[in-house]
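Please keep the structure open while reading.

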Amino acid sequence: MAGAAHCSLRAKRLLLDPKFEGYKLSLEPLACYQLGLDAAVAEVKLRDDQYTLDHMHAFGMYNYLHLDSWYQDNVYYVDQFGRVMNLSVTLDTALQKPREVFRLPTDLTAYDNRLCASIHFSSSTWVTLSDGTGRLYLIKSGKRGNSASEKWEIVFNEELGSPFIIAHSVSFVKSDTHSVAVLLLRVEKDELDTKGSGFHVTLEWVTIVEIHKEGKYEIFKRRVLQGKSVPHYAAIEPSGDGLMILSYKPFKFMQDEDDKLEENDDVKATNEKKDPLYCWQQTEDDVTITVHIPQDITKDDIKVRFSPDNICVTLKDQPPLMEGKLYSSVDHESCTWIIREDKSLEISLIKKNEGPRWPELIVGDTRGEFIMDSSQCSEMAENLMHLTSEVLNPNPEKENPPCNAQELEECDAFLEDSASLCRFDGNTLKVTHVINLGSNQYLFSVVVDPREMPCFCLRHDVDALLWQPHSDQPENMWEHIATFNALGYVQASKQDKKFMACAPDYSYAALCECLRRVFIYRQPTPLSTVLYNRKEGRQVGQVAKQLVATLETHDPILGFQATSERLFVLTTKTLFLIKVNSGN
């Protein structure tokens with residue numbers, strides 16, 4: 001990731017609440033509606049050869065319910081007959097059965113090694129669809145959510161190799177040409193991986209363009225990224241110019257042979273530069289520099305110029321070998337140089353200020369190597385001895401003993417402590433921005449504005465912070481837009497959680513377990529009655545409520561989506577609607 005800008009996420013203090021007191025369990029009833037499905041959801045269970053954690057993350061925990069963010073309260077799923085079914089809600093008390101809007105031409109039951117069918121809504125009138133067998137469909141849908149104008153029509157379909165699921169897609173117009181970019185996710189066998197799981201993850205970035213405005217589409221470009229873990233978040237920028245990936249292990253573009261040769265040349269050049277141009281040592285009083293010079297160089301060919309703050313070394317009429325500002329001032333009149341028997345140039349600098357050690361010789365010059373002698377190493381080790389111990393807690397009676405790892409709760413542990421967020425440029429195929437997320441655990445992603453990239457939610461300390469990527473704002477590429485107080489801590493205690501989501505208006509966050517239970521966490525709201533904190537004797541101005549809904553089913557939850565008013569929960573044979581907020 002050389003050349004990438006290392007960035008950081010800056011939280012907005014105004015969106016944080018350090019005095020948050022926790023969630024209060026509310027017993028207020030939640031209206032819950034259920035719709036029986038005509039046919040079961042097309043669930044695809046993991047096969048015996050799909051045994052890795054990556055298979056479980058990508059396919060075993062797949063969300064079979066798809067929210068159309070371009071239209072309010074509009075969800076889709078694919079049933080076992082290959083039908084794309086839609087439920088559009090306008091009034092909870094007048095719910096209609098899910099209706100068929102499209103039928104896959106493929107007989108899904110004829111394929112043994114297929115994956116789950118996947119859908120992504122690229123725009124208000126374009127849909128990308130995969131049947132799970134390796135075929136991609138580009139569909140013109142018309143305005144969705146309205147049975148009168150909604151008509152799904154295939155404008156492109158092609159076999160693209162091994163089975164995949166659609167991670168993301170966008171529709172955009174460039175130079176008066178309509179294009180759709182799609183991100184395909186695969187977990188593939190890796191014959192070269194003998195020590196790991198034996199699999200790698202690929203993200204294929206496919207760009208489909210319209211030909212001469214004739215309504216026909218063809219593939220314009222295919223690019224492949226490869227990594228060793230399933231990305232938590234992968235999305236194409238609205239303009240189609242870049243890609244953002246949040247993953248535990250890094251991804252890189254797979255290059256063709258010409259690019260590889262070019263890259264190898266760059267690597268060789270870099271390796272050559274790694275050999276130090278000079279070596280240097282120091283004491284409290286002086287600095288000694290050793291420079292290897294060609295055999296044919298004589299004393300008359302060498303020019304060394306000293307000044308109180310600078311040094312310049314030249315050989316014959318060549319450009320300066322060493323030149324620049326010294327880290328600290330020297331007594332330039334006492335500085336000397338000699339040619340040693342091994343044909344190396346030795347330069348002695350006398351420090352003007354005795355004592356302080358120099359961290360570098362020439363400011364900004366990385367071509368040299370500092371060599372520390374054994375006495376200096378021993379002295380440094382002795383100075384650091386008081387910070388180390390052979391036991392975990394050498395003095396438990398101490399007033400502030402060291403942290404004991406056994407005292408940490410399970411929800412304080414982070415397994416994926418080296419996750420990173422990278423932005424790739426679509427033209428150079430190189431990383432332009434990178435953020436090391438450290439212990440900021442990924443929680444979920446949500447579409448707040450369908451014209452923008454999806455937001456992602458990260459744990460920061462105990463809170464959960466929602467971040468909106470802005471690909472067109474390099475100085476503010478990731479904006480903190482909302483906070484769910486203490487949600488980072490709360491969700492960690494839910495060991496059976498399967499899906500997490502939040503309302504696009506940030507009014508609540510929700511999570512569901514594998515079976516039956518749904519937990520809802522509302523934002524703090526003012527109280528209509530007076531409430532006092534009995535411990536502190538002060539009036540409480542607002543309260544954040546936690547609600548729990550238990551579904552009347554024993555089937556596992558397969559899909560989970562949140563809108564500003566409702567939660568949609570999908571099981572094998574039933575679609576549940578939970579009314580969380582009343583409409584304005």
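**From one glutamate to the whole chain**

Leaving aside its neighbours within four places in sequence, glutamate 513 is in contact with Asp496, Lys497, Lys498, Phe519 and Ile557. The model is a predicted one, and these contacts are computed from its atoms. Glutamate 513 belongs to strand β34, which covers residues 508-513. Is this residue buried or exposed? With a relative accessible area of 9%, glutamate 513 counts as buried, because the cut-off for that class is under 20%.

Strand β38 spans residues 557-562 and is an edge strand of a sheet. That sheet is open and has four strands in the order β3-β40-β39-β38, with antiparallel pairing. Its other edge strand is β3, residues 31-36; β3 and β38 each pair on one side only. On average, neighbouring strands in this sheet are turned by 15° against each other, direction ignored. The partner of β38 is β39 (residues 566-571), and five bridges join these two antiparallel strands. Within that pairing, phenylalanine 560 has valine 569 in β39 as its bridge partner.

Which order do its strands follow? This sheet is open too, with five strands arranged as β24-β25-β20-β19-β26, and its pairing is mixed. Strands β24 (336-339) and β26 (368-370) stand at the edges; each has a single partner strand, so one side of each is left without a neighbour in the sheet. From one strand to the next, the twist averages 20°. As background, strands of a sheet pair through backbone hydrogen bonds, in either a parallel or an antiparallel sense. For β19 (residues 278-282) and β20 (residues 286-292) the sense is antiparallel, and the pairing extends over five bridges. Glutamine 282 stands opposite valine 287, a residue of β20.

How many helices and strands does the chain contain? There are four helices and 40 strands. Of the 584 residues, 45% are buried, and glutamate 513 is one of the buried residues. The contacts can also be sorted by separation in sequence: among those between residues at least 6 apart, 56% join residues at least 24 apart. As for the surface, the chain exposes about 31,600 Å², of which carbon and sulfur atoms supply 48%.

Notes:
Residues numbered from 1 in each chain as written. Predicted model: local features only at pLDDT ≥ 70, side-chain atom pairs only at ≥ 80, totals over all residues. Heavy atoms only, no water. Pairing = 2+ DSSP bridges. Axes fitted to C-alpha atoms, helices over the stretch in contact; angles between N-to-C directions. Buried < 20%, exposed > 50% of the residue type's maximum accessible area, 1.4 Å probe, protein only. Contact = heavy atoms within 4.5 Å. Areas by Shrake-Rupley, 256 points an atom, 1.4 Å probe, with all protein chains shown as cover.
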